[in-house]
Amino acid sequence: MIETGDKVEKFALVTGGSRGIGRAICIRLAEDGYRVIINYVSNDREAEITLEGVRAAGSDGELLKFDVADAGACEAAVEGWKASHPGQHISVLVNNAGIRRDNLLLWMQPEEWHKVLSTNLDSFYNLTRLLIKDMFSSRWGRIVNVASLSGLKGLPGQTNYSAAKAGLIGATKALAQELARKKITVNAVAPGFIHSDMTEDLKVDELKKMVPAGRFGEPSEVAELVAFLASDRAAYITGEVININGGLYS
């Protein structure tokens, strides 16, 4: 954060912010006054749409294009951002970027395993370690990791995805204990079936029958939970994994 006259600018970085849950989170944080840094890896037009949504929500933002699975790219992006924003720092990090490459383990190819692990789990390490030093110095920070129902109960055909999200949950719990004394909270949200590009290939009519609420969730509902965890209202909540799945699993 940095004071600009009487105004304090607060910066939040959302990975995978160009579409779906990530876009909803960007817009919701903008409503809370954050200047949003929208990370994405390839789709320039979708990222621009998110930025338009952030501005329509009454704040501003910027695009930061890099692959969160690439440690060198993460370091270059963060260092570049810091160089162009002297005296400022990112106080909220939402590790949302993720991909699926579903397959039975019997047939799963090495690329399907490693790509999912690197994008969903290694990315947490690649980015979080670069940002917590400034949070530590300012004695305030919020880290919210977007996990999944798959990481809690495991889902067939998603051994890779379940492993990555379960690892993210474990990392959340451990890091929360490391940072709590510096007023930095680390939490995870675990969505179930949510309408997004990640679930557009699923059989919605069949799967929603499994959900006690009788429907898929909306990205905006996940974004509300993330915004709460990123706020001062959640200052005493850390190391938690909060389900948002319509009662499907608890």
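**Close-up views of a predicted chain**

K183 sits in the loop between helix 6 and strand 7 (184-191). The model is predicted: local features need pLDDT of at least 70, side-chain atom pairs count only at pLDDT 80 or more, and totals for chains, interfaces and linings use all residues. Residues are numbered from 1 along each chain as its sequence is written, and side-chain values use heavy atoms, with hydrogens and water left out.

**View A. K183 in the loop between helix 6 and strand 7.** Helices (H or I, at least four residues) and strands (E, at least two) are DSSP runs, numbered from the N terminus. Phi of K183 is near 60°, a positive value in a residue other than glycine. With a relative accessible area of 53%, K183 is exposed. For relative accessible area, buried means under 20%, exposed over 50%, and partly exposed in between (1.4 Å probe, protein chains only).

**View B. R139 in the loop between helix 4 and strand 6 (141-146).** The phi angle of R139 is near 60°, which is a positive value in a residue other than glycine. R139 counts as partly exposed, at 38% relative accessibility.

**View C. Helix 4 (residues 110-138) against helix 6 (residues 159-179).** Two packed helices are described by the angle between their axes and the distance between the axes. For helix 4 and helix 6 the angle is about 15° and the axes are 8 Å apart. Helix 4 is therefore roughly parallel to helix 6. Axes are lines fitted to C-alpha atoms, for helices over the stretch in contact, and angles run from 0 to 180 degrees between N-to-C directions. Angles under 35 degrees count as roughly parallel, over 145 as roughly antiparallel, 65 to 115 as roughly perpendicular and the rest as oblique. Helix 4 and helix 6 cross in the right-handed sense. A crossing is right-handed if the near helix is turned clockwise from the far one by less than a right angle, and left-handed if anticlockwise. On the helix 4 side the contact includes W113, L117, L121, F124, I132 and F136. Contact means heavy atoms within 4.5 Å. The residues of this contact between helix 4 and helix 6 divide into 14 nonpolar, five polar and two charged. Ala, Val, Leu, Ile, Met, Phe, Trp, Tyr, Cys and Pro count as nonpolar, Asp, Glu, Lys and Arg as charged, and the others, Gly among them, as polar.

**View D. Helix 3 (residues 71-84) against helix 4.** The axes of helix 3 and helix 4 cross at roughly 30° and come within 8 Å. The crossing of helix 3 and helix 4 is right-handed. Helix 3 contributes A71, C74, E75, V78 and K82 to the contact, and helix 4 contributes N126, L127, R129, L130, L131 and D134. Six nonpolar, one polar and four charged residues make up the contact of helix 3 with helix 4.

**View E. Helix 1 (residues 20-31) against helix 2 (residues 44-56).** Here the axes of helix 1 and helix 2 come within 8 Å, and the crossing angle is roughly 25°. Helix 1 is therefore roughly parallel to helix 2. Helix 1 passes helix 2 with a right-handed crossing. R23, C26, I27 and A30 of helix 1 are in contact with E46, I49, T50, G53 and V54 of helix 2. By class, the contact of helix 1 with helix 2 holds five nonpolar, two polar and two charged residues.

**View F. F11 in strand 2 (residues 7-14).** F11 is buried, at a relative accessible area of 1%. F11 and N126 are 115 residues apart along the chain, and their C-alpha atoms are separated by 19 Å.

**View G. L106 in the loop between strand 5 (90-95) and helix 4.** L106 is exposed, and its relative accessible area is 68%. From L106 to A147 the distance is 24 Å, C-alpha to C-alpha, and the two are 41 residues apart in sequence.
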